[in-house]
Amino acid sequence: DRQKNIYRLPHESDKKFAAARKKENIFRQIATVISAPGDATIWTFDNETVAAWLNRTNPKFFENIAAYDKLAMRTCELGSAILLPEDLAADAEFDVEAYVTAEFAKCIGRTEEDAFINGNGEDKPCGFVQDALVGVYTKEITYDDVIKLYFSQDKEYRRNGVWMMSDETALKLRTIKDADGNYLWNQHDNTILGKPVYISEYMPSEQAGARPIAFGDFSYYWIVDRMPFVMRRLNEIFMISQQIGFLGYEFLDAKLVRPEAIRVLEITE
């Protein structure tokens, strides 16, 4: 039973792990992260926030607030394992805590990022790529296509919008110019049309059927942490090889709660 002999990281170690995982996973920097302890399915809503000047004629304006469809947030389990030589783990000069925490954060953070982009929702979160709306269809990425993708997005989501693409796509966009020889990419602050660009190695490449560029407000991608990160030390199973094992688990789910908040460019045949 994997629930036996597992424990939460001490408070300070957990803070270090969370900070390192955030550094490794750009979604934990731009998405909305929520803590909702428990392992049962929960239902959540994405509401349109409104404001109005109140007077005696409209004191109940909030009665007309519309809620989006309710969304099911499940509990997906992500695990990782690390092996260390016994001699190294016993060395007083070697910081086991720092090493194990950093390695778990790197492996788990990057695996999360892949799922948050490409996940199919089966035993892993739903990636935003499959749920986002298509803003532009094209056979090959051009200067005009990127401009069209930007303006295909509603002004509400352009306000805090960011770009996301792979390193390969970013390289291409860095070289694209308009008819007057002006670069699309601002080399001074790494922005396109004044909006920051985030690079992920897990974004699709430019090929038929792929969606290599995304633009929008990624705060509408929700990450729900269902349980704190837990770890288990394995001594006996690797004793013959004179190694010590560490298993780490986290429990979460994630989903794009408002598909229109992110627009993608799709490559056609």
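With a relative accessibility of 2%, glutamate 112 counts as buried, because buried means under 20% relative accessible area. The model in which this value was computed is a predicted one. Glutamate 112 has its place in helix α4, and its side chain makes a polar contact of 2.9 Å with the side chain of asparagine 25. If neighbours within four places in sequence are left aside, the residues in contact with glutamate 112 are Arg21, Asn25, Arg28, Leu78, Glu250 and Leu252.

Two of these contact partners lead on to the pockets of the model. Arg21, in contact with glutamate 112, is among the residues that lie nearest the centre of the largest pocket, together with Asp14, Ala18, Asp225 and Pro228. This pocket holds about 320 Å³ of space and is lined by 17 residues. At least two lining residues come from each of α1 (11–24), β2 (32–35), β12 (221–234) and β13 (243–256). By class, the lining comprises eight nonpolar, one polar and eight charged residues.

Two or more of the lining residues are given by each of β5 (76–85) and α4 (96–118). Helix α4, the element that holds glutamate 112, gives the most to this lining, with six residues. The volume of the second largest pocket is about 180 Å³, and its lining divides into six nonpolar, three polar and five charged residues.

How values were computed:
Residues numbered from 1 in each chain as written. Predicted model: local features only at pLDDT ≥ 70, side-chain atom pairs only at ≥ 80, totals over all residues. Heavy atoms only, no water. 1 Å grid on protein atoms, 1.4 Å probe; cavity = no way out; pocket = protein on both sides within 12 Å on 5 of 7 lines; lining within 4 Å. Points joined across faces, edges and corners; volume = space filled by probe spheres on them. Helix = DSSP H or I, 4+ residues; strand = E, 2+ residues; numbered from the N terminus. Nonpolar A, V, L, I, M, F, W, Y, C, P; charged D, E, K, R; others polar. Buried < 20%, exposed > 50% of the residue type's maximum accessible area, 1.4 Å probe, protein only. Polar contact = N/O pair within 3.5 Å; in protein donor to acceptor, adjacent residues only side chain to side chain. Contact = heavy atoms within 4.5 Å.
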